[in-house]
Amino acid sequence: MSTPAAASAAPSPFPRPLALALMCSMATLFAANHVAARVAFDDGAGLLLAILLRSGVAALALAVLVVLQRKSWRLPAGSGRWQLAVGLLVAVQSLCLYSAVARIPVVVALLLMNTMPIQLALLSWALGGPRPSGRAALIMGVILVGLVVVLDVPAWLGDPAAMGPGWLAGVGFGLAAAAAFAVALWITEHRLGEVGSTLRSLLTMLTVLVAMVAAGGLGLVPGGMALPQSLPGWMGLGLLALLYAVAFSTLFITVPRLDMARNAPAMNMEPVAALMLGYLVLGQALSPVQLVGGGIVLAGIVALGLSKRA
């Protein structure tokens with residue numbers, strides 16, 4: 001039983017309207033980071049360069065948090081290899097997601113990334129976890145139907161060339177990003193429970209940083225370190241690093257007071273913000289039918305998140 005002193009030491013949750021406003025703001029910053037990345041990519045910036053900048057600035061911000069919070073830098077015995085695996089998976093996720101953003105509309109890439117809860121539920125079941133309930137399975141089916149609509153699969157099957165040369169690859173990268181992140185989350189939940197969240201995030205970002213430096217040095221991604229060709233591209237690079245670091249750091253500073261169990265579905269504001277910013281900044285627009293499909297996907301994701309907490 002917790003003592004009164006321990007209870008009083010726990011931070012009190014923010015009022016729910018404030019918590020929801022903060023989470024929607026962070027989701028918008030994450031979406032803006034992806035839009036800024038597309039601006040940089042369209043101006044010739046390399047994928048590895050973008051991930052290096054994003055990971056470097058985020059790692060610096062997290063290192064400051066670890067120092068200020070006086071956290072221990074020591075990992076529990078046996079967790080080192082799992083922490084390394086999570087870092088490498090997040091590196092793959094970052095590379096795949098930015099590869100998707102470079103090829104297909106930002107909102108579509110993020111909707112594909114948001115299939116992660118489905119993939120995580122199926123992975124957990126396959127590895128001995130609880131079987132998804134009938135309600136969850138129905139919601140997952142609805143989400144998949146929405147994805148078929150938003151991806152305009154019938155049009156692609158009818159005339160693949162009309163969708164652009166990067167469409168199929170972009171969809172594949174988006175789904176692969178979700179899969180890599182789902183595995184990373186499973187490892188985090190089942191193998192890294194004793195590692196503090198701030199230290200775990202810092203080590204993850206450092207692993208991503210080192211992996212991208214190694215990939216760049218070995219030339220594994222052709223053109224990955226290419227520089228932007230003009231000022232807008234440089235601004236996109238700077239903004240993607242800044243926006244991600246601010247959102248990521250704010251999330252970890254405030255998460256003890258956000259009551260995530262109730263409010264996590266608010267983070268699904270990210271694809272909505274990406275849709276608006278993609279239209280305003282990039283001129284990307286979905287057809288009315290695709291908008292309906294996106295709405296189905298978002299509604300399903302929110303319902304899935306709420307059903308887990310019911």
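Let me start with Arg-38, which counts as buried because its relative accessibility is 13%, where buried means under 20% relative accessible area, exposed over 50%, and partly exposed in between, with a 1.4 Å probe and protein chains only. This is a predicted model, in which local features need pLDDT of at least 70 and side-chain atom pairs count only at pLDDT 80 or more, while totals for chains, interfaces and linings use all residues. Residues are numbered from 1 along each chain as its sequence is written, and side-chain values use heavy atoms, with hydrogens and water left out.

Arg-38 forms a salt bridge with Asp-42, with 3.0 Å between the closest N and O atoms, a salt bridge being a side-chain nitrogen of Lys or Arg within 4 Å of a carboxyl oxygen of Asp or Glu. The structure holds one such salt bridge. Both partners lie in helix H2 (residues 16-42), four residues apart, about one turn of the helix, helices being DSSP runs of H or I with at least four residues, numbered from the N terminus. Asp-42, by contrast, counts as exposed because its relative accessibility is 55%.

Now to helix H7, residues 134-150, where Ala-136, Ile-139, Met-140, Ile-143, Gly-146, Leu-147 and Val-150 are buried. Seen down the axis of H7, these buried residues fall within an arc of 120°, so they line one face of the helix, the arc being that of the directions from the helix axis to the C-beta atoms. The face turned away from that buried side carries the exposed residues Gly-134 and Leu-138. Just after H7, Asp-152 takes a positive phi of about 55°.

Notes. Helix = DSSP H or I, 4+ residues; strand = E, 2+ residues; numbered from the N terminus.
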